Each structure stands twice: as structure tokens, then as C-alpha cells.
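What follows is a report on the pockets, the ligand site and a few backbone features of one protein model. Please read it alongside the sequence and the coordinates.

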Amino acid sequence: MDKIIVTGGKPLNGEIVISGAKNACLTLMPAALLTDEPLTLTNAPRLSDIRTMTDLLRSLGCEVAALQAGKVLALGAERIASTRADYEIVRKMRASILVLGPLLAREGHAEVSLPGGCAIGARPVDLHLRGLEALGAELDLRDGYVHAKAPNGLKGAAFELPFASVGATENLLMAATLAKGTTVLKNAAREPEIVDLARCLRAMGARIEGEGSPEITIEGVERLHGATHRVVADRIELGTYMLAPAIAGGRVELIGGERALLGAFCDKLEEADIAVEETGRGLAVSRRNGVIRPLHVVTEPYPGFPTDLQAQMMAMLTLGAGESLLEERIFENRFMHAPELLRMGARIEVHGGTAKVTGVEGLRGAPVMATDLRASVSLILAGLAAEGETTVSRVYHLDRGYERLEDKLQACGAQVERVKG
Ligand code: EPU
């Protein structure tokens, strides 16, 4: 297994180009199942999760060609060959559940393996299922699979999500495009990835209004057609690299970064005395006066502070001038980076969903282990500031969500090497 070795203590200076969003691409790809015409996605990130979704779609009969070294994905589901999403693929990636809505809407039935729990929490899919039932689907859970059918097609309905789940909103939004009549999703998720999906679906002929607000209205249409769509910038990759100069010093410009994607996060950085400038090409980040002010951070659905940046923010706050509090409100077990950061000299106490971080003068390099995607990148960030060498093992977690991480950081002067294992 590959490892990444970070030799810390060097300020970062330079620019990093932000890739297309993993979590947008993972919902845009299954949208190809809704039409027999081609869907082309540009600005796709080159990540192992995208390859997993490619495998899943191919297993359903959807053609997927990776063009321009994988930056363009040409998808075509002229014919659906299978409506069964097999456990062997679904277990690798929870986003596989996003084929359920499109398959059901197009074919009238689908059999999708239930994704199990995962390291960061139990993560059930009950809201996806309740929403599809509201659209008239009949569901049966057996042998670890959801057997869904809608023999006479899905029917538009009003459905209020008890929690603004990103994945459930995406599944329902896709399913409703081909349902008969009007669907109103209330308390819908508002993440930029939802807005991106709605834009793509609209380019495919869907009739959607209100994306980005808590109420989305979808007028079902007979059929959708092909389209070309550019994947929105990855706000989590953006936030992660914004923290690199904040933690290690220097100034880095994030090309393609937009403040609107990460308002609450940028506000928190500024509160910590980190400068965030809009440059016209993106965002530039540097420390204002050398001190990181402590923060109180609460993760929330968009437009709140994203859970996917909590681990990285914690890495920065380990060097804060005082005591910070991080409250994780989205996932019940998302502090697995804390014990690893302790091994690097951080002071962190976790009580349930809250972590108290007391800033220390400096971190020291150590061998550490990645437990999930965002936890692993927080260890790389901590390594950039630590004295000596940090070796991060199990980097396959990183490869799920960060394209060419070591190249991007090296271009800013960081000493980050991958050792093939
Ligand atoms: N939840 C339920 N029932 C459901 C759906 C969700 O209880 O039917 C709970 C989950 O267990 C969790 C909370 O609701 O505690 C939030 O889940 P949500 O459905 O909003 O998240 P998701 O769609 O499973 C996406 C991202 C995650 C990101 C979350 C929150 C993708 C592929 N994944 O997951 O990204 O953390 O939204 O913003 O879009 C990552 O990239 O590292 C990652 C984990």
C-alpha cells in the first residue's frame, strides 16, 4: 500500500488549480441513466471514486468513455442492460445508491444493494427510500437489496425531508424529472452540488425550479435528452488547500476558487486571522500576522460550515493561540483524525460530538494512519506544519477524493512524496 511522506516546516507559495467536484460528479454521472442520449461531463476529477462509479454504470449497460486523460467523461445509456447494482460495487462506495432514483424512473424497477455503514457513521438511506415511496414506488428490502418498482411509473408528489440529506435530495430530484406531474421537495439540501445537478438536468430538458433554496419544484417530463455540462469546482478540495498556507505559512492562490462556494468557511478563516482575498482568478490565502486565533466551529448543512472540512480545520486549530471547540452535527463518528493528531503532539479532547482543541506551540512528525478521506488529508495538512517527517499510511482513502495531491502541494514548495508500497 502506498504511503505519503510529508517533511514539514516549509511555508507554501504558489498556485493550485482546483479540480471539478467529486461529489457533484458522483451524482451527475448517474443522471446519464435518465436518457438514451449521450451526456458529456467536462472538468471531471480523476479519482478512484469516479472509477468506481464508472464500473457501476458500466455494469448497468451505460457506456462510459474517459477522454482527455479522464477530464471529460462521455456517458451513454442508450439501453439499460441491467437494473441491479451489485453489492460488490456498492459496498466500495455509498454514492452508488444514487443510481436507484434514475433506474427506477427510467425502467420502472431497480434492485440496488443497501450500502452498509461506514467509518464516519451508520449513514442509513431511509430518507431516499421514504421519498421514493412518496413518488409511488413500492419497495421491498430483502437479501440486503432494495427491490423497487413502479410499474405504472413514478408520480409527482409533495415530500418534506425530515433532514436536508444531500444524497436523498439528489436521488429524488433525478427520479422526479421523469415522474408524472409535479413534485415539490421541501427542506431540500441546498449544497452547490445540488445546484449543479439541477443545472445539468435542466440542460437535459428537465423542468426544475428552486434549486439552492429549501424548496425545489420539479415538473415531470416524458423524456430527457443529451447534454454537455461542466462539473462545478470542488469546494472541499478548495477549502482543504486554503488551509495549507493558513497552517504552514506563505501565500497560495487557489485558481477557480469562489467565495460563494464556501462562505461560512471563509468567514471562519477570517475570524482566525487568516486573510482570504478574491483575486479575479480565484482566492488567495495567507496568515495576517502569524497567529491563528481559536474558533468555535459547528458543522451544518450548506450554507453552514461543511462537515467535510471539519477534520482539516481541526488540524489548523491544533496550532491556535488558545482553546477551540469543534461540534460535529452531521456524522456521529467523525473525529477519527483526533487520536492521530495527538500522536503528532496536538492537545484534543473528544466528548461525544464535540472536540476541544487546545493550541500547542508546534507539532512533531509521526507515523499516522488515514481512516477516511477527510481525516487523511487533515494529517497531511498537519504534517506540512510539523517538525520532521510525517508518514501517512492507507492513502487509498486520499486517492478517493484528491487528484494529484502531491503534485499540487509540491508546486507550492511543499515536501510531499508518495512511496509506492
Ligand atoms: N442520513 C440519514 N438517512 C438518509 C440519508 C442521510 O439518516 O436516508 C443521515 C446520514 O447518516 C448523515 C446525515 O444524514 O448522518 C447527512 O447525510 P447526507 O445524506 O446529507 O450525506 P450523503 O449524501 O451521504 C454527502 C457527501 C458526503 C458529505 C455529506 C454531507 C457525496 C457522495 N457525499 O453524503 O461527502 O459529507 O453529503 O455534506 O456527495 C466526503 O466527500 O468525504 C463525504 C463524506
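The second largest pocket has a volume of about 290 Å³, where a pocket is, on a 1 Å grid over the protein atoms alone, an open set of points with protein on both sides within 12 Å along at least five of seven lines, and a volume is the space filled by probe spheres set on the points, which are joined across faces, edges and corners. Its lining comprises 20 residues, of which Ile18, Ser19, Gly20, Asn43 and Arg230 are the closest to the centre; lining residues are those with an atom within 4 Å of a point. By class, this lining divides into nine nonpolar, four polar and seven charged residues, with Ala, Val, Leu, Ile, Met, Phe, Trp, Tyr, Cys and Pro counted as nonpolar, Asp, Glu, Lys and Arg as charged, and the others, Gly among them, as polar.

The model is a predicted one, in which local features need pLDDT of at least 70 and side-chain atom pairs count only at pLDDT 80 or more, while totals for chains, interfaces and linings use all residues. Residues are numbered from 1 along each chain as its sequence is written, and side-chain values use heavy atoms, with hydrogens and water left out.

**Enclosed space**

Rolling a probe the size of a water molecule over the atoms shows where empty space is left. A cavity is a set of grid points where a 1.4 Å probe fits but cannot get out, and by this rule the count comes to one cavity of 30 Å³ or more. About 30 Å³ of space lies in the largest cavity, and its lining consists of Ser19, Gly20, Pro45, Leu47, Asp234, Glu237, Gly401, Tyr402 and Glu403. These residues divide by class into three nonpolar, three polar and three charged.

**The ligand site**

Which residues come nearest to the ligand? Of the 21 residues around the ligand, they are Asp126, Leu127, Ser165, Asp308 and Ile330, a residue being near if one of its heavy atoms lies within 4 Å. The shell has ten nonpolar, five polar and six charged residues. Helix 1 (22-31), helix 5 (126-134), helix 6 (166-177) and helix 12 (373-385) each contribute at least two residues to the shell, and the largest share, three residues, comes from helix 5; helices (H or I, at least four residues) and strands (E, at least two) are DSSP runs numbered from the N terminus.

Polar contacts are pairs of N or O atoms within 3.5 Å; within protein, one atom must be able to donate a hydrogen and the other to accept it, and residues adjacent in sequence count only if both atoms are side-chain atoms.

| Residue | Protein atom | Ligand atom | Distance |
|---|---|---|---|
| Pro124 | backbone N or O | nitrogen | 3.2 Å |
| Asp126 | polar side-chain atom | nitrogen | 2.6 Å |
| Arg374 | side-chain N or O | oxygen | 2.7 Å |

Taken alone the ligand exposes 830 Å², and the protein buries 86% of that; accessible areas come from the Shrake-Rupley method with a 1.4 Å probe, and for residues only the protein chains shown count as cover.

**Backbone features in loops**

A cis peptide bond with omega of about 10° joins Tyr302 and Pro303, and Pro303 is placed in the loop between strand 18 (296-298) and helix 10 (310-317). Ala69, although not a glycine, has a positive phi of about 55°; it is found in the loop between strand 4 (63-67) and strand 5 (72-76). With a relative accessible area of 62%, Ala69 is exposed (buried means under 20%, exposed over 50%, and partly exposed in between, with a 1.4 Å probe and protein chains only). Arg394, likewise not a glycine, has a positive phi of about 60° and lies in the loop between strand 23 (389-393) and helix 13 (396-399), where its relative accessible area of 34% makes Arg394 partly exposed.

Asn171 belongs to helix 6 and counts as buried at 0% relative accessibility. Ser324, in strand 19 (residues 323-327), also counts as buried at 0%, and its side chain reaches the backbone nitrogen of Leu295 at 3.0 Å.
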